[in-house]
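Here is a short tour of a protein model, written to be read with the structure open beside it. Please keep the viewer at hand as you go.

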Amino acid sequence: MLKIAYQGVPGAYSHITCQRLFPNQEYVPCDTFEIAMEMVKNGNVDKAVIPVENSNAGRVSDVHFLLPKAGLSIVGEYFLRVEHQLIGVKGAKLDDIVCAASHPQALAQCSEFLQKHNIKALSRIDTAKSCEKIVQEQDKTKAAIASKLAAEIYGLQILASNIENADNNTTRFLIMQKDEEIPIDDGGKFITSIVFVTKHIPAALYKVLGGFATNGINISKLESYLLNGRFFSAQFYIEVEQHLYSKPLRYALDELKFFSEEYQILGCYKADSYREHKG
């Protein structure tokens, strides 16, 4: 039986994702993303399932800073359709609710509903964990925003269903493990994730990106992050639609190496079928 770490408590969307990816295994809740990754690195669990971005609320804070430091390999991705519920104590009604607590990402994804009903948003560390406070206080004016599974686990009532701003509300998760696992290039679609720091010379980033362009490689994501609080030193996170061992990517990486101070391959993995349907 595999042990799968995730950030949050039972009923969290990360927990739901673990169940779908690895049915009937052991799921290990962790307080933070960093702890979940450390559990894998130390050999206490086999894998970690980590959310990295949402289609409407953007990237998950801090995760991209942790990825290069984790010492783990990305071996897969999964896109979860996220359906948020307004959850309260038994007997409560929507009109009773004054405030709702949840993870900042969930609150952002439900901002239109909260504004429409004049409900104050309260930030918490996790969606499902927000339900614990509701159970403890038994206050009909307070609610949580979480999953249907969380409502079932905590014995709470769903006051409003699918309250997210957009009906395509989707969160992307990465699957991480200690050992590198590069899939065989069978002609399918693959994603390779890379971090790099360019040399401090004119057009260095332009040259790096040009290496991908001239080799016909599509860049699906490019983000930058300041390093060590310095405004003039940036680290770049990039995802390309190409197998790590393909000739085009090897040529592009030669260009990247030449114009970078350092770089790291975070993983090469099969593209989730969601990409084919959603582009």
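Neighbours within four places in sequence aside, Gln25 touches Met1 and Leu2, where contact means heavy atoms within 4.5 Å. Gln25 sits in the loop between helix 1 and strand 2 (26-30); helices (H or I, at least four residues) and strands (E, at least two) are DSSP runs, numbered from the N terminus. Between the C-alpha atoms of Gln25 and Lys3 there are 6.5 Å in space, while 22 residues separate the two in sequence. Is Gln25 buried, exposed or partly exposed? Gln25 counts as partly exposed because its relative accessible area is 24%, with buried meaning under 20%, exposed over 50% and partly exposed in between (1.4 Å probe, protein chains only).

This is a predicted model, in which local features need pLDDT of at least 70, side-chain atom pairs count only at pLDDT 80 or more, and totals for chains, interfaces and linings use all residues. Residues are numbered from 1 along each chain as its sequence is written, and side-chain values use heavy atoms, with hydrogens and water left out.

## The cavity

Searching the whole structure turns up one cavity of 30 Å³ or more. A cavity here is a set of points on a 1 Å grid over the protein atoms alone where a 1.4 Å probe fits but cannot get out, and lining residues have an atom within 4 Å of a point. Grid points are joined across faces, edges and corners, and the volume is the space filled by probe spheres set on the points. The largest cavity holds about 240 Å³.

Which residues lie nearest its centre? They are Tyr13, Pro51, His103, Gln105 and Thr127, out of 18 residues in the lining. Helix 1 (13-21), strand 3 (47-54), helix 4 (104-109) and strand 11 (170-177) supply at least two lining residues each, and helix 4 gives the largest share, with three. The lining has eight nonpolar, nine polar and one charged residues; Ala, Val, Leu, Ile, Met, Phe, Trp, Tyr, Cys and Pro count as nonpolar, Asp, Glu, Lys and Arg as charged, and the others, Gly among them, as polar.

## Ser102 in strand 7

Ser102 belongs to strand 7 (residues 99-102). Ser102 is classed as buried because its relative accessible area is 0%. Its side chain comes to 2.7 Å from the backbone oxygen of Ile145. Beyond neighbours within four places in sequence, the contacts of Ser102 include Leu107, Leu122, Asp126, Thr127 and Ile145.

## Aromatic pairs

Four aromatic pairs are found across the whole structure. Rings of Phe, Tyr and Trp (its six-membered ring) pair if their centres lie within 6.5 Å; planes under 30 degrees apart count as stacked, over 60 as edge-to-face and the rest as tilted. One of the pairs is Phe65 with Tyr225, edge-to-face at 5.0 Å centre to centre and 70° between the planes. This pair links distant parts of the chain, with Phe65 in helix 3 (residues 63-66) and Tyr225 in strand 13 (residues 219-227), 160 residues apart. Phe65 is partly exposed at 35% relative accessible area, whereas Tyr225 is buried at 4%.

Phe258 and Phe259 form another edge-to-face pair, 5.0 Å centre to centre with 75° between the planes. Phe258 is exposed at 56% relative accessibility, whereas Phe259 is buried at 14%.

Methods. 1 Å grid on protein atoms, 1.4 Å probe; cavity = no way out; pocket = protein on both sides within 12 Å on 5 of 7 lines; lining within 4 Å. Polar contact = N/O pair within 3.5 Å; in protein donor to acceptor, adjacent residues only side chain to side chain.
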